[in-house]
Amino acid sequence: MTTVEKIGKYVLTFLKYLSLVFFSFVAILPIISCVITAFKTEDEYRTTNVMTLPQSWLNFDNYLQAFNKANMAKGFLNSTIVLVCVLVISVLVGTSLAYVLNRFSFPGNNLVRNLFLFATLLPGIAMQISVYEIMTKLHFINSLWGYIIMMCGTDVIAIYIYIQFFENISVSLDESAIIDGASYFTIYYKILLPLLRPAIVTACILKGVGTYNEYYCANLYLQDKKTLPTVATSLYTFVGPQGSKYNLICAGVIISLLPALIVFILFQKQIYSGMTAGSVKG
């Protein structure tokens, strides 16, 4: 290897690591700014820039005010109920639909798959007028269970993930179970569903993050913010016509991140294994 080639190799390596450091810094900078702002008093926030360190790192008044004034305890409770119900229903509906579409041949099978694909091309915001009218006529406005039903929906991406996993599971398992007298439901519930664990983890991560962070529909359909707040809508308490209290908003954001961070730390092995298997199958 010539000297020029060595220099070129070192330059490329340097640029590679420099770009990684730069983009990592860009990704972390908003979080750092949010943490710094969360510890500032209102006067500090108005008189300093976002990266100026607070005078005291032991000032937890913002966190207490954000938690109490925004009714975040109720928001966490509602978000937990919504998240658990949506994930359970979505997994049951998605896996059963994928099971039927993959294991059974019937007229319209390809049509259903194509309709699912077509549904992914439609922007959700374009259908909000018709969805809002349906929610109004079903009296689902200001109803937590109505909001849960709407959020369950048909998760097309998850269905395709499940179908790809089903295609890698041999049909001979079904045939052997049928010979032994198992019903289709038994095959689905006791044999195939446990084998879909990596796909379920992947789909739950995608659906769970979107549901937990969802703001638009929660703000639109859960209009009673005192009794039906979610974690996302509760932070809207500190936004008003006379200005926004960003130090309290940042404190609320940090509080809302803690449950997701704890779940990730506790289940990171399962999350990584599920995402890795979900990206390889099919």
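Start with Ile-255: setting aside neighbours within four places in sequence, this residue touches Tyr-63, Phe-67, Met-72 and Phe-76. Keep in mind that the model is a predicted one.

- Ile-255 sits in helix α14, which covers residues 246–266.
- Is Ile-255 buried or exposed? Its relative accessibility is 12%, so Ile-255 counts as buried.
- For a sense of distance, take Asp-174: it is 81 residues from Ile-255 along the chain, and the two C-alpha atoms are 47 Å apart.

**The nonpolar cores**

- The largest nonpolar core is made of 23 residues.
- Inside that core, the residues with the most contacts are Ala-98, Tyr-99, Tyr-162, Phe-166, Leu-192, Leu-196 and Ile-200.
- Which helices each supply at least two residues of this core? They are α4 (72–103), α8, α10 (184–195) and α11 (197–212).
- The biggest giver to this core is α8, with eight residues.
- Apart from this core there's another one, of 18 residues, and Ile-255 is among them, along with Val-231, Ile-249 and Ala-251.
- Back to Ala-98: leaving out neighbours within four places in sequence, Ala-98 is in contact with Ile-159, Tyr-162, Ile-163 and Phe-166.

**α8 against α11**

- These two helices pack at about 170°, and their axes lie 10 Å apart.
- Angles over 145 degrees count as roughly antiparallel, so that is the label for α8 and α11.
- On the α8 side, the residues in contact are Ala-158, Ile-161, Tyr-162 and Phe-165.
- Facing them from α11 are Pro-198, Ala-199, Ile-200, Thr-202, Ala-203 and Leu-206.
- Sorted by class, the α8–α11 contact has nine nonpolar residues, one polar and no charged ones.
- Ala-158, one of the α8 residues in this contact, is buried, with a relative accessible area of 7%.
- Thr-95 is 63 residues from Ala-158 along the chain, yet their C-alpha atoms are separated by 8.4 Å.

**α5 against α8**

- Helix α5 (residues 109–121) packs on helix α8 (residues 156–167) at about 140°, with 9 Å between the axes.
- The pair α5 and α8 is therefore classed as oblique.
- The crossing of α5 past α8 is left-handed.
- Which residues meet here? α5 brings Arg-113, Phe-116, Leu-117, Ala-119 and Thr-120, while α8 brings Val-156, Ile-159, Tyr-160, Ile-163 and Glu-167.
- Class by class, the contact of α5 with α8 holds seven nonpolar residues, one polar and two charged.

**α4 against α11**

- The angle between α4 and α11 is about 145°, and their axes are 10 Å apart.
- The crossing of α4 and α11 is right-handed.
- α4 contributes Phe-76, Val-82, Leu-83, Val-86, Leu-87, Ser-90, Val-91 and Thr-95 to the contact.
- α11 contributes Ile-200, Cys-204, Lys-207, Gly-208, Thr-211 and Tyr-212.
- How do the residues of the α4–α11 contact divide by class? They come out as nine nonpolar, four polar and one charged.

**Loop residues to look at**

- Asn-71 has a positive phi, near 55°, in a residue other than glycine.
- You'll find Asn-71 in the loop between α3 (61–69) and α4.
- With 29% relative accessibility, Asn-71 counts as partly exposed.
- Asn-142 also isn't a glycine, and its phi is positive at about 60°.
- The loop holding Asn-142 runs between α6 (128–137) and α7 (144–152).
- Asn-142 counts as partly exposed too, at 36% relative accessibility.
- Thr-227 belongs to the loop between α12 (216–221) and α13 (231–234).
- Thr-227 counts as partly exposed, with a relative accessibility of 40%.
- What does Thr-227 contact, leaving aside neighbours within four places in sequence? Its partners are Lys-74 and Asn-78.
- Between Thr-227 and Leu-87 there are 140 residues of sequence separation and 23 Å in space, C-alpha to C-alpha.

Methods: Residues are numbered from 1 along each chain as its sequence is written. This is a predicted model: local features need pLDDT of at least 70, side-chain atom pairs count only at pLDDT 80 or more; totals for chains, interfaces and linings use all residues. Side-chain values use heavy atoms; hydrogens and water are left out. Axes are lines fitted to C-alpha atoms, for helices over the stretch in contact, and angles run from 0 to 180 degrees between N-to-C directions. Helices (H or I, at least four residues) and strands (E, at least two) are DSSP runs, numbered from the N terminus. Angles under 35 degrees count as roughly parallel, over 145 as roughly antiparallel, 65 to 115 as roughly perpendicular and the rest as oblique. A crossing is left-handed if the near helix is turned anticlockwise from the far one by less than a right angle, and right-handed if clockwise. Contact means heavy atoms within 4.5 Å. Ala, Val, Leu, Ile, Met, Phe, Trp, Tyr, Cys and Pro count as nonpolar, Asp, Glu, Lys and Arg as charged, and the others, Gly among them, as polar. A nonpolar core is a set of buried Ala, Val, Leu, Ile, Met, Phe, Trp, Tyr and Cys residues joined through side-chain atoms within 4.5 Å. Buried means under 20% relative accessible area, exposed over 50%, partly exposed in between (1.4 Å probe, protein chains only).
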